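Please read the notes below alongside the model.

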Amino acid sequence: MKLFLPRYYVAGYDHVSVDRLKENGIRLLLCDIDNTLVSAFEPDPNEKVIRFIRQIEAAGIKVAVCSNSTRKRTLRFSEDLGIQKAYYFSFKPLPYNFIRAMHHYHVEPGQTALLGDQIFTDIIGGNAAGLYTILTNPVTVKDKTSTRLMRFFEKYVFIGLEKKYNFRKGVFDD
Ligand SMILES: [Mg+2]
């Protein structure tokens, strides 16, 4: 069950505390796109997303995008953010692209955070790889068809997390 438990739980990406990342020794932030930064139906980052990424980078933390989405979507989105390393078709929870990103930036799993909205891809994948996992409340309730089934099972995970760790859905750290 611990594999499902995020280290840090936020109401939205813009609630992520840069100080908290720094206190935990984070040097690289891997960011999911769909329903983490924007809904799955918006092709480009908005001003608020751009400001968030700039704020993280200004604190000396590198940012890379790690999405399960297509090449086209991931690269278009990342280009507008000026992000150099964008990993698409990541097949999270598999760690392949986490490892590539850490290798590129010469950081260890303990220095890497993963920000995402899904337990079954982002949190399990990040925890299994030893990353500092950050679960965000999804940007919208609208999911792609492929995500809907996961959301169904997520409900049961939240019930389990509450029983075992007193982790409560909707009760955020920030
Ligand atoms: Mg997502």
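1. Exposure terms first: a residue is called buried under 20% relative accessible area, exposed over 50%, and partly exposed in between, using a 1.4 Å probe and protein chains only. By that rule Tyr 156, at 52% relative accessibility, counts as exposed. Tyr 156 sits in helix α6, residues 145–165. Helices (H or I, at least four residues) and strands (E, at least two) are DSSP runs, numbered from the N terminus.

2. Basis of the note. This is a predicted model, in which local features need pLDDT of at least 70 and side-chain atom pairs count only at pLDDT 80 or more, while totals for chains, interfaces and linings use all residues. Residues are numbered from 1 along each chain as its sequence is written, and side-chain values use heavy atoms, with hydrogens and water left out.

3. Surface patch. Tyr 156 belongs to a nonpolar patch on the surface together with Leu 149, Phe 152, Phe 153 and Ile 159. Their accessible area together is about 530 Å². Patches are made of residues with over 30% relative accessible area and no salt bridge; like charges are joined within 9 Å, and nonpolar side chains (Val, Leu, Ile, Met, Phe, Trp, Tyr) within 5 Å. The areas come from the Shrake-Rupley method with a 1.4 Å probe, and for residues only the protein chains shown count as cover.

4. Main core. In soluble globular proteins, nonpolar side chains tend to be buried together. A nonpolar core here is a set of buried Ala, Val, Leu, Ile, Met, Phe, Trp, Tyr and Cys residues joined through side-chain atoms within 4.5 Å. The largest one has 28 residues, and Leu 29, Phe 52 and Ile 134 have the most contacts inside it. At least two residues of this core come from each of β1 (8–10), α1 (18–23), β2 (28–31), α2 (47–58), β3 (62–66), α3 (71–81), β5 (112–116) and β6 (132–136). Helix α2 gives the most, with 4 residues.

5. Surroundings of Leu 29. Leaving aside neighbours within four places in sequence, the residues in contact with Leu 29 (heavy atoms within 4.5 Å) include Phe 52, Ile 56, Val 63, Leu 115 and Ile 134. Lys 62 is also among them. A second, separate core has 12 residues, including Leu 30, Phe 98, Tyr 105 and Val 107.

6. Magnesium site. Which residues coordinate the magnesium ion? They are Asp 32 (OD), Asp 34 (O) and Asp 117 (OD), at 2.1 to 2.2 Å. Along the chain these donors follow the spacing D-x1-D-x82-D. Donors are N, O and S atoms within 2.8 Å of the metal (3.2 Å for Na, K and Ca); water is not among the atoms, so sites may look incomplete. Asp 32 and Asp 34 are both buried.

7. Side chains of opposite charge can pair when their charged atoms come close. The rule used is a side-chain nitrogen of Lys or Arg within 4 Å of a carboxyl oxygen of Asp or Glu, and the count comes to 9 salt bridges. In one of them, Arg 73 pairs with Asp 34, with the closest N and O atoms 2.6 Å apart. Because Arg 73 lies in helix α3 and Asp 34 in the loop between β2 and α2, the pair ties together parts 39 residues apart in sequence. Arg 73 is buried, at 13% relative accessible area, and Asp 34 is buried at 13%. Arg 76 and Asp 44 also meet in a salt bridge (2.6 Å, N to O). This pair links helix α3 with the loop between β2 and α2, 32 residues apart. Arg 76 is partly exposed at 44%, as is Asp 44 at 25%.

8. Lys 92 and its partners. Lys 92 and Asp 122 form a salt bridge (2.9 Å, N to O). Lys 92 lies in the loop between β4 (86–87) and α4 (96–105) and Asp 122 in helix α5 (residues 119–128), so the pair ties together parts 30 residues apart in sequence. Lys 92 is buried at 5% and Asp 122 at 0%.

9. Backbone points to check by eye. The peptide bond joining Lys 92 and Pro 93 is cis, with omega about 20°. His 106, in the loop between α4 and β5, has a positive phi of about 55° although it is not a glycine. His 106 is exposed, with 66% relative accessible area.
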